[in-house]
Amino acid sequence: MEVVNSFITWILKNRIGQIENFKNQPFRTQKNVFDELIEFGKTTEFGKKYNFIHINSYEDFAAKVPIHDYEQMKPYIEKTMKGHQNVIWPSNIEWFSKSSGTTSSRSKFIPVSQESLEDCHFKAGKDMLSIYVNNYPESKLFAGKNLTIGGSLTKNLSAKNSNSQVGDISAVIMHNMPLWAQLARTPSLEVALMSEWESKIERMALEVKDENIVSMSGVPTWTIVLLQKILEITGANNILEVWPNLEVFFHGAVAFGPYKKLFRELIPSDKMRYMETYNASEGFFGIQDQRDSDELLLMLDYGIFYEFIPMEEWDNEHPKVIPLWEVEIGKNYALIITTNGGLWRYKIGDTIKFTNTDPYRFKISGRTKHFINAFGEEVIVENAERAIQAAADATMATITNFTAAPVYFGGSESKGAHEWVVEFQTFPNDEKIFCEILDQTLREINSDYDAKRYKDLALSAPKVHLVNSGVFQKWLKGKGKLGGQNKVPRLSNTREYLDEVLALI
């Protein structure tokens, strides 16, 4: 295994030169991606509608093609799901990634072309490993197996006489992995792609507990559930007693900060490493490329062309849209993507802040719809996660999840507030201090929130419900969303999610 580990590590390090190239030439890289996408799109139904044949520059593209949200792309996607091809992308599309829905739809279905699989998702997976072994040359990453927690797949019922399938992006990727990658991972595909999550966690735990697990990949929430099940089955005190060679967890989908303490309890080692990725149904966008920073490197050569809407423009009828070369450090942007999966000027719904432009590094700041701005306080997910983490650290608490929403004015004398449900593995040693630090930290990092909280003039102190671990899993199960990349929205400007969770307490 030592020879295999050294050989694969050597192969992967060869990609580092290409990564350095796009870091050094970001605009040329993005122009090349743009030109290829326009050329590919010319013959499609979408390309003909918007006259791609006469698009010769980014300025032409911005003038001719409007920004699209899911509802506007939906007719093209539904037509593709029914088996029609060359609608939004010239090559056949037989895979569709299922993700959280919109106002009018329970789920979104994102087309996954062969190009997006090969040149985006698979390439990103190899880059993630390349960056890791380059940063940690002593790694034994390929001397054991990678534990991957995937979603599930079902037949695409919209298409007659078709083999196309629908599922979580993790399941789509896992099903299409090359043989070498399949041999390096566990559990078996049969178990990894099970749809019933309670049985799946049990089966996974039994199957992987005796493997030599060196690395893990997945969403923190479901990884925690699996690790706890393994400890329950084995009777071990921590995961290192089960897997002594475990060295890294590649994670994404939710911010890792609130989970750090719990992972430290499950894996009590200073040598354990955590590496963040930004992977979504629509594409793979970023990888943590530095040992000493949690910033993400924007991956510019995956067949994705990037644009951005400054968040102060978001609610405008015709918001300003800018390319990569016009972004500024520290500003909050909504992400717009054009991809080799057939999404054109598509609003993904995520927001990011650039921390550097040489090279382009960023942090995920939240969702365009997941925020609280009921009273002009403009609290985004990034604010909430920092405040929750500060409160937990100060009170020795271990958080597993949370959600928050506004309490609207109920009468002439009442004031607004924020109401939180926070789920714990280990409760705070002082609940009052936890709530005070949550509020205090929000005031320190968000001047709009602080102004509304001044002398309780517009906002009263937050109302916080502290609950045992398991409430959010129960909520997801009740919604038919247990498993995969599904999660409770951490912030909402309406009370729908919060009230449903409160009903379970």
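Me: How many aromatic pairs does the count come to?

Reply: The count comes to 34 aromatic pairs, where rings of Phe, Tyr and Trp (its six-membered ring) pair if their centres lie within 6.5 Å; planes under 30 degrees apart are stacked, over 60 edge-to-face, and the rest tilted. Keep in mind that this is a predicted model, where local features need pLDDT of at least 70 and side-chain atom pairs count only at pLDDT 80 or more, while totals for chains, interfaces and linings use all residues. Residues are numbered from 1 along each chain as its sequence is written, and side-chain values use heavy atoms, with hydrogens and water left out.

Me: What makes Y58 and W325 an edge-to-face pair?

Reply: Their ring centres are 5.9 Å apart and the planes sit at 80°, so edge-to-face it is. Y58 belongs to helix α5 (residues 58-64) and W325 to the loop between β13 (322-323) and β14 (332-339), so the pair ties together parts 267 residues apart in sequence. Helices (H or I, at least four residues) and strands (E, at least two) are DSSP runs, numbered from the N terminus.

Me: Why does Y58 count as buried, and W325 as partly exposed?

Reply: Buried means under 20% relative accessible area, exposed over 50%, and partly exposed in between (1.4 Å probe, protein chains only). Y58 has 11%, so it counts as buried; W325 has 35%, so it counts as partly exposed.

Me: What makes E419 and K463 a salt bridge?

Reply: Their side chains meet at 3.8 Å, N to O. E419 lies in strand β20 (residues 417-426) and K463 in strand β21 (residues 463-468), so this pair ties together parts 44 residues apart in sequence. E419 is buried at 6%, whereas K463, at 47%, is partly exposed.

Me: How many salt bridges does the count come to?

Reply: By this rule, 30 salt bridges.

Note on methods:
A salt bridge is a side-chain nitrogen of Lys or Arg within 4 Å of a carboxyl oxygen of Asp or Glu.
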